[in-house]
Amino acid sequence: MLRTNQTFLNYLDELHKKQNTSDDILVKSFSAGDQILVQDHQLSHVMMIKEGIVKCFLAEENGKEYIVEFLGSGEIIGEVELIKNINCLCSIEALNEVTVYAVKIPFFKALIKNDLALNHLLLESFAERIINTSSRASYQQLYTIEHTLKQLLQMQAKQNIHISKEDMAAYLGITVRSLNRILKDLK
């Protein structure tokens, strides 16, 4: 439910420490509720979550949101858009205080061309996302929404974050009304 990648974070920590006076990698902070990336807008930086938790979601034409994933430390955002040279596929919003490494696009492009370690980490990340997407799809077919909701509530308690009912419903792919019925039944 909450994706993290310590190996990738270690890589970017080291890269950030090695830069001398360059500002190719900046540290930026966001408050809960801040938009880090906005769907259909141009990418400003490739970012990696240093600390905190974000939600990655798609906004549909009818105004409804679908939360694809909750991301934590070491998760990279914006790399697909950079590689494909497209606008942001989804929005990323901070759920709590979030710190990111913001990597300038020309610098990241140079790393892709020249740094085999980065390419290996990107391939690992892409493979992990494919596995997670398939696992989540099969999980949703095999288990009830109640079971998934229990796990979501456990993650919320463990990470000490607040996930709104709207966000829970968006993650589960149901309405808030349905969520309220399930929460009532769980009590």
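In strand 9, threonine 99 is the bridge partner of serine 29. The model is a predicted one, in which local features need pLDDT of at least 70 and side-chain atom pairs count only at pLDDT 80 or more, whereas totals for chains, interfaces and linings use all residues. Residues are numbered from 1 along each chain as its sequence is written, and side-chain values use heavy atoms, with hydrogens and water left out. Helices (H or I, at least four residues) and strands (E, at least two) are DSSP runs numbered from the N terminus, and two strands pair if DSSP finds at least two bridges between them.

The bridge between serine 29 and threonine 99 belongs to the antiparallel pairing of strand 2 with strand 9 (residues 98–104), which extends over 6 bridges. These strands are part of an open, antiparallel sheet of 4 strands in the order 2-9-4-7. Strand 2 (25–30) and strand 7 stand at its edges with a single partner strand each, so one side of each has no neighbour in the sheet. Helix 1 (residues 6–18) packs on this sheet and touches strand 2, strand 4 (45–51), strand 7 and strand 9; its direction makes about 110° with that of strand 4. Contact here means heavy atoms within 4.5 Å. Axes are lines fitted to C-alpha atoms, for helices over the stretch in contact, and angles run from 0 to 180 degrees between N-to-C directions. Helix 3 (residues 105–114) lies across strand 2, strand 4, strand 7 and strand 9, and runs at about 75° to strand 9.

A second open sheet has 5 strands in the order 1-6-5-8-3, with mixed pairing. Its edge strands, strand 1 (2–3) and strand 3 (35–37), each pair on one side only. Strand 3 pairs with strand 8 in the antiparallel sense over 2 bridges, and leucine 37 has isoleucine 92 in strand 8 as its bridge partner. Strand 8 (residues 91–94) also pairs with strand 5, antiparallel over 4 bridges; here glutamate 93 is the bridge partner of lysine 55. Valine 54 stands opposite leucine 71 in strand 6. The two strands form a hairpin with 5 residues between them, and glycine 63 in the turn has a positive phi of about 90°.

Helix 6 (residues 165–172) and helix 7 (residues 176–186) have axes that come within 9 Å and cross at roughly 100°. The two helices are therefore roughly perpendicular to each other, a class covering 65 to 115 degrees, with under 35 roughly parallel, over 145 roughly antiparallel and the rest oblique. Helix 6 contributes Lys165, Glu166, Met168, Ala169 and Leu172 to the contact, and helix 7 contributes Val176, Leu179, Asn180 and Leu183.

The largest pocket holds about 690 Å³ of space. On a 1 Å grid over the protein atoms alone, where a 1.4 Å probe fits, a pocket is an open set of points with protein on both sides within 12 Å along at least five of seven lines, and lining residues have an atom within 4 Å of a point. Grid points are joined across faces, edges and corners, and the volume is the space filled by probe spheres set on the points. Of the 29 lining residues, Cys56, Val68, Glu69, Leu71 and Arg129 lie nearest the centre. Strand 5, strand 6, strand 7 (76–77), helix 2 (79–84) and helix 4 (116–142) each give two or more residues to the lining; helix 4 gives the most, with 9 residues.
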